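Please open the model in your viewer and keep the selection panel at hand. The stops below move from one selection to the next, with a short account of what is found at each.

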Amino acid sequence: MPLNHNAHPPYLSRLLGFAGLLPFVVGALALWLVPANWKPLVLTALLNYAAVILSFMGAIHWGLAMCAGADRGDRRALAQLGLSVIPPLVGWLAVSFRLSVAVAIPLLLLAFVLLYLADLQAIRLGLAPAWYRQLRKPLTIAVTVSLLVAWGGVLFAAQ
């Protein structure tokens, strides 16, 4: 399947990508605004959503690897395929073992930053379209800022 080499992300990709930020932004702000008894629910929802999005992003890399020829032994595609399973595993680890917020949020933050770097590598290798960088950069910034705001909301509430 040939890649779309347009300079700008397709409109629907931008629209859906930015719509996907709503749970991050709302969750992060809610941790500062909701009553204390609601914060555990909001935090759980936010962390679970982050894990789901990491899984989704890993699946994108799986798809890129399949399109690039992982089934034909292309080394770039095989590496991409292997790396595609890491984001969902990190998300699962962050939410399944009741890690403290002091561990879970930084783990998710690190995963999203490393995933962005993997996105850039996929673009450099020609596995992802060039416009993908223009889409992923603002989304990654918004996700990381949201997780930092959420972390601050939890740490501030604990004092």
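**Helix α2 against helix α3**

Begin by selecting α2 and α3, which are roughly antiparallel to each other, a term that applies to angles over 145 degrees. Helix α2 covers residues 22–33, and the two helices pack at an angle of about 155°, with their axes 9 Å apart. Axes here are lines fitted to C-alpha atoms, for helices over the stretch in contact, and angles run from 0 to 180 degrees between N-to-C directions. The crossing of α2 and α3 is left-handed, in the sense that the near helix is turned anticlockwise from the far one by less than a right angle.

Show the side chains next: P23, F24, G27, A28, A30 and L31 of α2 make the contact with K39, V42, L43, L46, Y49, A50 and I53 of α3, where contact means heavy atoms within 4.5 Å. By class, this contact of α2 with α3 has 11 nonpolar, one polar and one charged residues; Ala, Val, Leu, Ile, Met, Phe, Trp, Tyr, Cys and Pro count as nonpolar, Asp, Glu, Lys and Arg as charged, and the others, Gly among them, as polar.

Before moving on, note that this is a predicted model, in which local features need pLDDT of at least 70 and side-chain atom pairs count only at pLDDT 80 or more, while totals for chains, interfaces and linings use all residues. Residues are numbered from 1 along each chain as its sequence is written, and side-chain values use heavy atoms, with hydrogens and water left out. Helices (H or I, at least four residues) are DSSP runs, numbered from the N terminus.

On the α3 side the contact is formed by L47, N48, A51, L54, S55 and G58, which meet P87, P88, G91 and V95 in α5. The residues of this contact of α3 with α5 comprise six nonpolar, four polar and no charged.

Select H61, W62, L64, A65 and A68 in α3, which meet A77, Q80 and L81 in α4.

Which residue forms a salt bridge with D119? The partner is R136, the closest N and O atoms being 2.6 Å apart, and a salt bridge is a side-chain nitrogen of Lys or Arg within 4 Å of a carboxyl oxygen of Asp or Glu. The structure holds one salt bridge. This pair links distant parts of the chain, with D119 in helix α6 (residues 101–124) and R136 in helix α7 (residues 131–158), 17 residues apart. Both D119 and R136 are buried, that is, under 20% relative accessible area (1.4 Å probe, protein chains only).

Staying in helix α7, select T144, which is buried with a relative accessible area of 13%. Leaving aside neighbours within four places in sequence, T144 is in contact with L109, F112 and V113.

Finish at P9, in the segment before α1 (11–19), a residue buried with a relative accessible area of 4%. P9 and W131 are 122 residues apart in sequence, yet 5.1 Å apart in space, C-alpha to C-alpha. Neighbours within four places in sequence aside, P9 is in contact with R14, W131, Q134 and L135.

How values were computed:
Buried means under 20% relative accessible area, exposed over 50%, partly exposed in between (1.4 Å probe, protein chains only). Angles under 35 degrees count as roughly parallel, over 145 as roughly antiparallel, 65 to 115 as roughly perpendicular and the rest as oblique.
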